[in-house]
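Here's a quick tour for your first look at a protein model. Keep the structure open and follow along.

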Amino acid sequence: MSSTHSKSNPQGPSSSVAIHSTGNIRKINFCQFCGGPAKHEIPDGEEKVRAICTRCGKITYENPKMVVGCLIEHDKKILMCRRKIHPSYGLWTLPAGYMKIGESAAEGAIRETWEEANAEAEVQSPFAQLDIPLIGQTYMIFLAKLKYPHFSPGPESSECQLFELDDIPFDSLAFSSMLVTLKLYIEDIKVGRPKFHYGIINKRPETSPFEIHAYTLDFHMQS
């Protein structure tokens with residue numbers, strides 16, 4: 001396995017991971033157990049500020065969410081969906097969404113492809129795991145094929161389309177994760193074969209989530 005590190009991270013990968021995994025994603029004001037008001041302190045034996053209920057004393061922990069999806073290649077083209085919902089309404093993405101309790105990552109990616117593109121996907125291999133610490137998300141994208149050459153917009157999509165690699169709408173993509181995934185895929189195709197990629201997408205401070213180019217890809221490993 002090889003790795004590359006962003007020049008914006010002179011202290012190396014371990015520093016990058018530590019720096020970008022310490023912040024709270026959002027402030028919790030009320031206890032999820034009893035509804036009491038929360039205070040924000042570092043509990044004994046921990047290192048992070050947590051929401052602690054002033055009534056029952058329980059701590060609310062926030063865990064990252066897993067987003068799963070498929071990068072579907074068909075006739076040397078990539079299947080993409082135009083979003084019919086917010087955020088990023090009207091922009092293009094790979095079929096992907098939140099993994100649900102009771103399903104595997106691959107099962108979730110297949111389900112999301114059906115829901116967003118009415119397409120039956122056959123997962124071939126994992127392609128990319130991309131962590132985004134700032135928003136508490138991890139993306140797991142699988143390479144997949146169409147079982148049948150049929151697709152159409154689902155309820156959350158206004159349009160589905162197969163794009164030649166040279167025609168992918170990079171100027172109107174919905175998310176940084178999609179931008180990174182597609183760039184990595186194109187780079188792999190140019191050298192002859194897809195690899196598996198892991199990386200951390202660190203969004204630049206004080207930039208809008210919709211500025212999809214405002215990021216660095218750190219701790220990038222590929223095999």
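In which strand is T216 found? T216 sits in strand β13, residues 215-222, where a strand is a DSSP run of E with at least two residues, a helix is a run of H or I with at least four, and both are numbered from the N terminus. Bear in mind that this is a predicted model, where local features need pLDDT of at least 70, side-chain atom pairs count only at pLDDT 80 or more, and totals for chains, interfaces and linings use all residues. Residues are numbered from 1 along each chain as its sequence is written, and side-chain values use heavy atoms, with hydrogens and water left out.

**T216**
- T216 counts as buried because its relative accessibility is 17% (buried means under 20% relative accessible area, exposed over 50%, partly exposed in between, with a 1.4 Å probe and protein chains only).
- The side chains of T216 and D218 are joined by a polar contact of 3.0 Å (a pair of N or O atoms within 3.5 Å; within protein, one must be able to donate a hydrogen and the other to accept it, and residues adjacent in sequence count only if both atoms are side-chain atoms).

**K203**
- You'll find K203 in strand β12, residues 197-203.
- With a relative accessible area of 14%, K203 is buried.
- Its side chain makes a polar contact of 2.7 Å with the side chain of S176.
- A polar atom of the K203 side chain also lies 3.2 Å from the backbone oxygen of E211.
- K203 and L134 are 69 residues apart along the chain, yet their C-alpha atoms are separated by 7.0 Å.
- Leaving aside neighbours within four places in sequence, K203 is in contact (heavy atoms within 4.5 Å) with residues including I132, P209 and Y215.

**Nonpolar cores**
- The largest nonpolar core has 27 residues, and L71, I78, M80 and L94 touch the most other members (a core is a set of buried Ala, Val, Leu, Ile, Met, Phe, Trp, Tyr and Cys residues joined through side-chain atoms within 4.5 Å).
- The elements giving two or more residues to this core are β5 (65-74), β6 (77-83), β9 (121-132), β10 and α3.
- α3 gives the most to this core, with seven residues.
- Apart from it lies another core, of 15 residues, with C70, L79, M140 and F142 among them.
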